[in-house]
Amino acid sequence: MNRWQNLWRFIPLFGLMMLLLTGCGDDRISALKPRGPVARDQLFLMKLSLGIMILVVVVVFVIYIYVLVRFRKKKGDKDIIPKQVEGSHTLEIIWTVIPIILLLILAVPTVSYTVKLAENHIGDKDAVHVKVTAHQFWWQFEYPELGIATAQDLVIPTGKKIAFELTSADVLHAFWVPSLGGKQDTNVGMTNVFYLEADDADTFMGKCAELCGASHALMDFKVVSKSEADFNKWVEKMKTPASIPAEAKNGEQVFKDNCLSCHAVNAQGLGFGPNLNGFGTREMVAGILPHDDESIKQWIKDPQSVKPGNKMPQVPLQDNQINDLVKYLNSLK
Ligand SMILES: [Cu+2]
């Protein structure tokens with residue numbers, strides 16, 4: 001068996017790796033399964049450029065193989081050099097004009113979509129304005145016109161343009177929700193603008209797409225799209241102070257003594273850490289752990305073991321204080 005035959009045997013392995021490593025198939029985080037108009041436009045551009053490239057490769061290879069076969073050295077051919085052709089106007093025009101046409105087909109939609117997708121919709125009466133601030137390693141979302149702020153779960157209405165204004169509090173990050181489109185960098189001292197839109201109600205996964213430190217790979221967030229009515233209900237809820245049940249009162253005190261310096265728990269407070277208003281309804285804890293009591297305890301006991309290098313300190317607490325905190329945090333709805 002020769003070298004090449006050995007290589008063929010790896011093809012199924014490469015195929016499998018491609019499927020696994022690209023995360024194919026999850027339509028809550030796939031640019032190939034668009035769930036909104038921006039992602040659809042971007043997928044169209046990908047298909048268009050891929051299509052043109054495949055066309056060029058196929059045509060070149062067909063001509064190449066045809067020439068190899070048609071003009072190969074035949075039995076009896078003497079070692080002669082074929083007739084040399086120099087300067088053919090027809091051929092030169094053909095191979096200049098065809099690429100120009102292909103580039104135009106590619107360039108016109110690409111440039112027009114690039115301009116369209118960078119439109120600034122802040123201030124449109126039909127758009128929702130969201131200010132995104134990326135932090136090592138969490139996401140802060142403010143809705144200036146609605147008077148609310150939240151973190152980790154970005155809640156949006158379906159069928160409306162979400163006009164983003166993006167910046168960073170520390171280093172370069174990038175905001176990416178593959179199902180809805182993107183991505184967009186967040187830079188310190190600068191604001192970038194773009195918009196996204198979701199077709200239907202679902203939860204999409206978001207990622208930081210720019211290496212930003214030890215826990216970059218854990219800097220996940222969620223985009224929760226709701227019907228307009230449900231979104232409005234959510235906004236009202238966020239503005240109404242949570243009613244803390246009696247069994248969570250101890251926890252509230254522990255929180256005030258140890259955590260309030262960094263975490264706001266009101267409608268639009270911003271602090272060193274995420275605003276925890278509405279924390280009880282978040283899909284995840286710290287963006288990556290499943291939302292349950294065990295995860296909350298694990299996070300409070302040792303945040304660094306969950307997200308190495310994050311900025312939340314380990315606060316020395318008794319187990320019963322942590323249990324009280326869990327009750328309190330879950331009552332923030
Ligand atoms: Cu990041």
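**Exercise 1. Find which ring the charged end of lysine 183 sits over.**

Solution. The charged end of lysine 183 lies over the ring of tryptophan 176, at 4.6 Å from the ring centre. The criterion asks for NZ of Lys or CZ of Arg within 6 Å of the ring centre and within 35 degrees of the ring normal.

A word on the ground rules: this is a predicted model, where local features need pLDDT of at least 70 and side-chain atom pairs count only at pLDDT 80 or more, while totals for chains, interfaces and linings use all residues. Residues are numbered from 1 along each chain as its sequence is written, and side-chain values use heavy atoms, with hydrogens and water left out.

**Exercise 2. Work out the donors and geometry of the copper ion site.**

Solution. Start with the donors, meaning N, O and S atoms within 2.8 Å of the metal (3.2 Å for Na, K and Ca); water is not among the atoms, so sites may look incomplete. His173 (ND1), Cys208 (SG), Cys212 (SG) and Met219 (SD) coordinate the copper ion at 2.1 to 2.6 Å.

Next, check the angles. Those among the 4 donor atoms run from 92 to 124 degrees, and the site is tetrahedral; for four donors, that label requires all angles to lie between 85 and 135 degrees.

Finally, read along the chain: the donors follow the spacing H-x34-C-x3-C-x6-M. Both cysteine 208 and methionine 219 are buried (under 20% relative accessible area with a 1.4 Å probe, protein chains only; exposed is over 50%, partly exposed in between).

**Exercise 3. Classify the ring pairs phenylalanine 61 with tyrosine 64 and phenylalanine 164 with phenylalanine 194.**

Solution. Rings of Phe, Tyr and Trp (its six-membered ring) pair if their centres lie within 6.5 Å; planes under 30 degrees apart are stacked, over 60 edge-to-face, and the rest tilted. A search of the whole structure gives 14 aromatic pairs.

Take phenylalanine 61 and tyrosine 64: with centres 6.2 Å apart and planes at 65 degrees, the pair is edge-to-face. The two sit 3 residues apart in helix 3 (residues 37-70), so about one helical turn separates them. Helices (H or I, at least four residues) and strands (E, at least two) are DSSP runs, numbered from the N terminus. Phenylalanine 61 has 49% relative accessibility, so it counts as partly exposed.

Now phenylalanine 164 and phenylalanine 194: their centres are 5.6 Å apart and their planes at 35 degrees, so this pair is tilted. Phenylalanine 164 belongs to strand 5 (residues 162-168) and phenylalanine 194 to strand 8 (residues 192-196), 30 residues apart.

Conventions:
Tetrahedral: all angles 85-135°; square planar, octahedral: opposite > 155°, others 65-115°.
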